[in-house]
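Let's take a friendly walk through this structure. Have a look at it first, and then we can go through the details together.

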There are 2 protein chains.
Amino acid sequence: MALKLSSKGENALRALITLGQHQGELLTVKEIADLSLVTMKYMEQIILLLKINGYVLGKRGANGGYTLHLPPNQINIGEVIRKLEGPLAPMGCVSETAYEACLLEPNCLLKPLWKRVRDQIAFVLDQTTLADLLEQKLTNQLVNTI
Amino acid sequence: MALKLSSKGENALRALITLGQHQGELLTVKEIADLSLVTMKYMEQIILLLKINGYVLGKRGANGGYTLHLPPNQINIGEVIRKLEGPLAPMGCVSETAYEACLLEPNCLLKPLWKRVRDQIAFVLDQTTLADLLEQKLTNQLVNTI
DNA sequence: TAATATCCAACTTGACTCATAGGAAATCTA
DNA sequence: TAGATTTCCTATGAGTCAAGTTGGATATTA
């Protein structure tokens, strides 16, 4: 896949969705992992990243678990992916959050293309919150085509 | 980078651009490689892929080289990337050209999001031809935001 | 026939994803 | 207080893949 998203980002979003579907409850890593069909230990690592980045709260000990640290409408999907996987841009030269210079940039005929791709990806992901996913707001929404 | 494009795809497009800027001429791999700042041998592999996929023609021997096999307005960027790097979708479950089933698909709240991302990427790339890049049609075009 | 350049295949290297593993620290219940 | 539970933290390994290297065969030209 040319522009594949890794399983880390995908499973992080799955974990957030699961927690969002059980607000007010504490869910164990095992429960979250089972719903995403990944091992507990792997999901644990991912959830720890979510914790470090302020998206979830952990409670230790028996009857412990995880819960969302923010309301779903304040969890931005683009931001989550950037925090876990880095910039959304397909190339460093068009990244807004992690620009990288390129020797070919001055006369580059590709840059405008990558810029458009970046803008479209960022638009979709930055516009979406966890609440939108939980409410299935996107399902029947028309995709725009200029 | 979460959705990075590989250097293979990028350099393939650079090669096509260079050939498009010198239509009617035969350019050697060395000439093309130098303009993209990659080694000749690496660019050679990439150009061979372009040849296998019908985008360029090679002429062997002294004074040989490569030339475009199609007019630039018939070279679709989305198709080039798919041929060299695979489907444009960020996940197999939303690929139009290489769908992959997923056990979580039935109730998946992420799929509509990936679908939108795929559609936006595909729209930009499938709409663009090599001629558009050469004519710099994208440079000042407004990016749409629903 | 010598030089040039494509054509083709095999291999190496390094980075990164996807885990696996082990154990420390905190918390709850009996 | 003991034991079970669960988060927390770090290290390590396997596998994959992009990126680049290398060597040489084949065709063409002068």
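## Contacts and the core

Two residues count as being in contact if their C-beta atoms, placed from the backbone, lie within 7 Å. Leaving out residues up to four places away in sequence, A:Leu16 touches A:Leu50, A:Tyr55, A:Ile75, A:Val80 and A:Leu130.

This is a predicted model, in which local features need pLDDT of at least 70 and side-chain atom pairs count only at pLDDT 80 or more, while totals for chains, interfaces and linings use all residues. Residues are numbered from 1 along each chain as its sequence is written, and chains are lettered from A and ligands numbered from 1 in the order in which they are written.

Which residues have the most contacts inside the largest nonpolar core? They are A:Leu16 and B:Leu16, in a core of 84 residues. A nonpolar core here is a set of buried Ala, Val, Leu, Ile, Met, Phe, Trp, Tyr and Cys residues joined through C-beta atoms within 7 Å. A residue is buried if 20 or more other C-beta atoms lie within 10 Å of its own, exposed if 12 or fewer, and partly exposed in between, with C-beta atoms placed from the backbone.

## Chain A

Of the 146 residues in chain A, 41% are buried. Chain A has six helices and two strands, where helices (H or I, at least four residues) and strands (E, at least two) are DSSP runs, numbered from the N terminus. Along the sequence the pattern is α-α-α-β-β-α-α-α.

## Two copies
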